[in-house]
Amino acid sequence: MNNSDHKATFSIIMTVYDDARQLEENLPLFLEQEYEPADYEVIVVDESSTDDTTDVLKLMKAKYAHLYSTFLPKPNRLVTRLRLALTLGVKAAKHDWLIFTDIHTPPPSPQWLNELSAFTTGSTSLLLGYINRKTGDVRLQPFDSVGEARLVISQTERKRANGHSGRMLRYVRGKYDFVVVRREYGHETLRFFERDIRGMKLLGRRIGIFVHNMFH
């Protein structure tokens, strides 16, 4: 457990596109964490939304001083879009730990950051987080290096829309809800996002993740 006088500091990073309603409903849950005395910030990258997302963010920023937003222009074919958007968030982050999350997956309680802080100790470099929506419990899977989590991240993030579903056996299948990583490893972690994995290679990764998580 962390000493209360030296708690981890967090930069929560998410991307949005036409998510005005989800921002109104869920963003306050990220912004109103009961996390003292440590500081934290929330960074939202708007991927050229066409709804009221921009207006919602302006109103929210007027209310919450620790909310920041940036804008990703129209698609760039030279760079995968999700990685580019999150990279903008990483560059803007100022705290020691980064949390890559999704506006559709809000924290289950105001104590979420306190739970995470207790695991940001020792040699831990990265955490994968799984939220039980029925109970509100958070399960954290620690890794000593980013490379150890490569299989899970690249397999899950290849199809982000399916990677955060509420299906059974989400943990053993590696379908996590958020990633927590030391800031110095943020760009390295993003290299595993949106990789094109198919066929037998994809099947092999799924089996490897399933076997690893069944026994850890």
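This is a predicted model: local features need pLDDT of at least 70, side-chain atom pairs count only at pLDDT 80 or more; totals for chains, interfaces and linings use all residues.
## Close-up views, one by one

**View 1. In helix α3, the buried residues are Leu82, Ala85, Leu86, Thr87, Gly89 and Val90.** "Buried" means under 20% relative accessible area, with exposed being over 50% and partly exposed in between (1.4 Å probe, protein chains only). Residues are numbered from 1 along each chain as its sequence is written, and side-chain values use heavy atoms, leaving out hydrogens and water. Helix α3 covers residues 81-92, and its first and last C-alpha atoms lie 17 Å apart, close to the expected 16 Å. That expected span is 1.5 Å times one less than the number of residues.

**View 2. Now for the sheet: seven strands, open, with mixed pairing.** Read across, the order is β3-β2-β1-β4-β7-β5-β6. Two strands count as paired if DSSP finds at least two bridges between them. At the edges sit β3 (67-71) and β6 (138-143), each pairing on one side only. On average, neighbouring strands are turned by 20° against each other, direction ignored. Angles like this come from lines fitted to C-alpha atoms (for helices, over the stretch in contact) and run from 0 to 180 degrees between N-to-C directions.

**View 3. Zoom in on the parallel part, where β1 meets β4 and β2 meets β3.** Strands β1 (residues 10-16) and β4 (residues 97-100) are joined by four bridges, and Ile13 has Phe100 as its bridge partner. Helix α2 (residues 53-63) packs on the sheet, touching β1, β2 (40-46) and β3, and its direction makes about 150° with that of β3. Touching, or contact, means heavy atoms within 4.5 Å. Five bridges hold the β2 and β3 pairing, with Ile43 partnered by Tyr68.

**View 4. Strand β5 is wrapped up on both faces.** Six of the six residues in β5 (residues 126-131) are buried, so the strand is largely enclosed by the rest of the structure. In a regular strand, side chains alternate between the two faces of the sheet. Here Leu126, Leu128 and Tyr130 are on one side, with Leu127, Gly129 and Ile131 on the other.

**View 5. Last stop: the largest nonpolar core, with 32 residues.** A nonpolar core is a set of buried Ala, Val, Leu, Ile, Met, Phe, Trp, Tyr and Cys residues joined through side-chain atoms within 4.5 Å. Phe10, Leu27 and Val42 touch the most other members. Helix α1 (residues 20-31) supplies the largest share, five residues. A second, separate core has 22 residues, including Val90, Leu98, Phe100 and Val179.

Conventions: Helices (H or I, at least four residues) and strands (E, at least two) are DSSP runs, numbered from the N terminus.
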